[in-house]
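Subject: Structure handover

Hello,

Here is the structure for you to look over. My notes follow below it.

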Amino acid sequence: MILGYDSFRPSTFVDAFRFMYDNQGLMWNKTAEHLVISGEAMGIALLIAIPLGIWLGHLHRGSFLAINLANIGRALPSLAVIAIGLGVFGIGTTNVAFALVILAFPLMLTNAYVGVDGVDPDAIEAARGMGMRPHQIVLKIELPLALPLIFAGIKTAAVYVVATATLGGVVGGGGLGDIIVNQASYFLKGVIAASIAVAALAFAASFAFGLLQWAVTPRGLRRRVEMIELDVSTGVAEAVTT
């Protein structure tokens with residue numbers, strides 16, 4: 001009976017926007033939950049991946065680790081990670097956040113490594129000639145020059161995390177996924193309304209971090225950053241192996 005009543009119609013998208021208006025409290029609450037889950041996962045991944053990537057890039061070692069973690073992260077289905085995590089974390093947001101950290105970590109690690117490892121050796125040698133210590137070289141030379149690529153990795157990870165956080169609805173993790181997986185209660189108009197909200201959040205995350213990336217990138221480096229970012233996002237990672 002529900003399937004027959006809730007079949008797709010040309011007016012369904014109009015109904016979806018009407019659902020947003022009629023259920024503003026629900027949409028805002030679920031959007032806030034979605035952002036909290038995504039923010040927690042991004043924060044944990046940032047605290048682990050960025051320092052590790054910078055350290056490995058400074059040592060010019062660990063390309064095998066960076067590349068293979070990135071490849072594993074792309075190949076490992078987040079839903080499978082959530083299913084495995086049920087035995088450890090149970091039902092709730094912790095399980096979802098863990099899966100999202102696994103998703104975001106390789107992207108941030110790879111870009112942080114590539115950014116620091118690709119800093120001009122002449123600049124590093126000049127800094128050493130001026131008497132800079134290793135930690136000063138990292139903080140004053142390598143990190144500022146690597147920031148554009150680091151932000152590129154954060155931007156890509158943020159989009160993936162926001163979009164994938166909808167899987168939280170499968171295991172009671174909250175967020176907009178609760179609406180998307182519960183068509184019996186919210187009908188197709190509610191599913192589409194929540195999906196539109198997730199897409200809007202993903203676009204907003206991409207725009208915000210893209211703007212930050214542009215702001216920290218010197219004009220002369222923007223084309224180079226775009227080319228290296230393309231290599232990393234497609235899995236080629238030529239800058240890591242050369």
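Asp-117 is found in helix 6, which covers residues 93–117. This is a predicted model, so treat each value as computed from it. Is Asp-117 buried or exposed? Its relative accessibility is 16%. The cut-off for buried is under 20%, so Asp-117 counts as buried. The side chain of Asp-117 also has a partner: a polar contact of 2.6 Å joins it to the side chain of His-60.

Tyr-113 lies in helix 6 too. Its relative accessibility is 2%, so Tyr-113 counts as buried. Tyr-113 and Ile-50 are 63 residues apart along the chain. Their C-alpha atoms are separated by 8.3 Å.

Now the overall picture. The protein has 12 helices and zero strands. Along the sequence the pattern reads α-α-α-α-α-α-α-α-α-α-α-α. There are 242 residues, and 43% of them are buried. Take the contacts with a separation of 6 or more: 79% of them come from residues 24 or more positions apart.

The axes of helix 2 and helix 10 come within 8 Å and cross at roughly 75 degrees. An angle of 65 to 115 degrees counts as roughly perpendicular, and helix 2 and helix 10 are therefore roughly perpendicular to each other. From helix 2, the contact uses Thr-12, Phe-13, Asp-15, Ala-16, Phe-17, Phe-19 and Met-20. From helix 10 come Tyr-186, Leu-188, Lys-189, Gly-190, Ile-192, Ala-193, Ile-196 and Ala-197. By class, the residues of this contact are 11 nonpolar, two polar and two charged.

Helix 10 (residues 183–216) also meets helix 8 (residues 134–164). Their axes come within 9 Å and cross at roughly 175 degrees. Over 145 degrees counts as roughly antiparallel, and helix 8 and helix 10 are therefore roughly antiparallel to each other. Here are the residues that meet:

- Helix 8: Leu-147, Pro-148, Phe-151, Ala-152, Ile-154, Lys-155, Ala-158, Val-159, Val-162 and Ala-163.
- Helix 10: Val-198, Leu-201, Ala-202, Ala-205, Ser-206, Phe-209, Gly-210, Leu-212, Gln-213 and Val-216.

The contact of helix 8 with helix 10 has 16 nonpolar residues, three polar and one charged.

Phe-187 lies in helix 10. Its phi is positive, near 65 degrees, although Phe-187 is a residue other than glycine. At 27% relative accessibility, Phe-187 counts as partly exposed.

Next, Thr-31, which has its place in helix 3. Its relative accessibility is 13%, so Thr-31 counts as buried. Which residues does Thr-31 contact, leaving aside its neighbours within four places in sequence? Thr-31 is in contact with Leu-176 and Leu-201.

- Gly-90 is in the loop between helix 5 (78–89) and helix 6. Leaving aside its neighbours within four places in sequence, Gly-90 is in contact with Gly-85 and Asn-95. Gly-90 and Val-171 are 81 residues apart in sequence, yet 8.5 Å apart in space, C-alpha to C-alpha.
- Helix 7 covers residues 121–129. At its start, a side-chain oxygen of Asp-120 reaches to within 3.1 Å of the backbone nitrogen of Asp-122.
- Gly-131 follows helix 7. The phi of Gly-131 is positive, near 90 degrees.

Over to you.

Best wishes

Conventions. Residues are numbered from 1 along each chain as its sequence is written. This is a predicted model: local features need pLDDT of at least 70, side-chain atom pairs count only at pLDDT 80 or more; totals for chains, interfaces and linings use all residues. Side-chain values use heavy atoms; hydrogens and water are left out. Axes are lines fitted to C-alpha atoms, for helices over the stretch in contact, and angles run from 0 to 180 degrees between N-to-C directions. Helices (H or I, at least four residues) and strands (E, at least two) are DSSP runs, numbered from the N terminus. Angles under 35 degrees count as roughly parallel, over 145 as roughly antiparallel, 65 to 115 as roughly perpendicular and the rest as oblique. Contact means heavy atoms within 4.5 Å. Ala, Val, Leu, Ile, Met, Phe, Trp, Tyr, Cys and Pro count as nonpolar, Asp, Glu, Lys and Arg as charged, and the others, Gly among them, as polar. Buried means under 20% relative accessible area, exposed over 50%, partly exposed in between (1.4 Å probe, protein chains only). A polar contact is a pair of N or O atoms within 3.5 Å; within protein, one must be able to donate a hydrogen and the other to accept it, and residues adjacent in sequence count only if both atoms are side-chain atoms.
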